[in-house]
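Here is a short report for a first look at this structure. Keep the sequence and the 3D view side by side while reading.

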Amino acid sequence: MNSGRPFSSVGVIGGGAWGTALAAVCANNGVATTLWARESAVINSVNNHHENTEYLPGVPLPKTLNAADSLGMAGEKEALLFVVPAQFARSVFADLRAACPTAGMPVALCSKGIERSSGLLMTEVLSGVWPEAKPAVLSGPSFARDVAMGLPTAVTLACANKDLGARWMATIGAAHFRPYLSNDLTGAELGGAIKNVLAIAAGVVDGRGLGQSARAALIARGFAEFQRLGVALGAKKETMAGLSGLGDLILTASSSQSRNMSLGMELGKGRSLEEVLGERNTVSEGVATADAIHALAEKAGVEAPICEAVSNLVNGRKTVDEIIAALLARPFKSEA
């Protein structure tokens, strides 16, 4: 495909580990980049020490990267990378719309989740709150620390407009960070959301000591659930089998570095959700997304027993042992 012209300036909305890593990629590409964060500690650390000591400690950041606490800076940028957790996105979208005089601001959605209260994907929330924005979706198998340290990573960049997609690829693409262009926003979003839920289940398997064979089976059957739901909601099969689908699921459901899998591991060991979350300063999106995925599957008439099990677990409706017994008692059936 033809190379696009990179954006000259971007705002990265969200000062967590992933937002910081993406901001570092853009800044290293020579793009004037400002990272927006709520926490003064993050802003001071990035501006004065070129490190995000709160969420990405020990990783040096480009000296050209700036951080700010005002969304007013977004109005001065050519494009935005949105990395605010899904459950807080709606209000920030509204604030960004007020701050941005540009009617058609390109916004790349990098948050992986579904709004719990409405069951809407992030593109749908954005469309309802800020209809003038031009959405793209960035998703795929990527740990923030790996990306920030320059380790090889490949992701999906979904955008309905090929020229706009080319500009995003030129802005964030690097030798170690390789975006692959797609026009399937629904598939890219669903993969990023469902894999977090399935990663919790995979963590439970590990935490309970059920073995590697059980985890492999869970990942495969979880992917089958994603395929069924994706087809029902209009996602493309190649997207589901690609980086933002199967690729992200493999990474997130097989490494304790994953926030969602590590949470599931603690639940599998018998600890309470409240206890585990109380120890963390990061968000495990799969906890909130489990209900939304379960509701979407029910509405679409799609069978998704693993996602339903995670929903029951994080809401305290069933114990780990009850869920395992119920899944193992399901009748034998054809794989296809």
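A144 sits in helix α5, which spans residues 144–148. The model is predicted. A144 has a relative accessible area of 13%. That is under 20%, so A144 counts as buried. Leaving aside residues up to four places away in sequence, A144 touches A17, W18, A21 and L56.

The unreviewed entry gives the feature "binding site" at G14, G15, G16, A17, W18, G19, F88, A144 and R259. From this set, the lining of the largest pocket takes in G14, G15, G16, A17, W18, G19, F88, A144 and R259. F88, one of these residues, lies in a loop. That loop runs between β4 (79–82) and α3 (89–99).

Now turn to a pair of helices. How do α14 and α15 pack? Their axes are 10 Å apart, at an angle of about 165°. This angle is over 145 degrees, so α14 and α15 are roughly antiparallel to each other. The crossing of α14 past α15 is right-handed. The table lists the two helices with their contact residues.

| Helix | Residues | Residues making the contact |
|---|---|---|
| α14 | 305–314 | P305, A309, N312 and L313 |
| α15 | 320–328 | V320, I323 and L327 |

Terms used
Residues are numbered from 1 along each chain as its sequence is written. This is a predicted model: local features need pLDDT of at least 70, side-chain atom pairs count only at pLDDT 80 or more; totals for chains, interfaces and linings use all residues. Side-chain values use heavy atoms; hydrogens and water are left out. UniProt positions are given in the numbering used here, feature names are shortened, and annotations may be inferred rather than shown by experiment. On a 1 Å grid over the protein atoms alone, a cavity is a set of points where a 1.4 Å probe fits but cannot get out, and a pocket is an open set with protein on both sides within 12 Å along at least five of seven lines; lining residues have an atom within 4 Å of a point. Helices (H or I, at least four residues) and strands (E, at least two) are DSSP runs, numbered from the N terminus. Buried means under 20% relative accessible area, exposed over 50%, partly exposed in between (1.4 Å probe, protein chains only). Contact means heavy atoms within 4.5 Å. Axes are lines fitted to C-alpha atoms, for helices over the stretch in contact, and angles run from 0 to 180 degrees between N-to-C directions. Angles under 35 degrees count as roughly parallel, over 145 as roughly antiparallel, 65 to 115 as roughly perpendicular and the rest as oblique. A crossing is left-handed if the near helix is turned anticlockwise from the far one by less than a right angle, and right-handed if clockwise.
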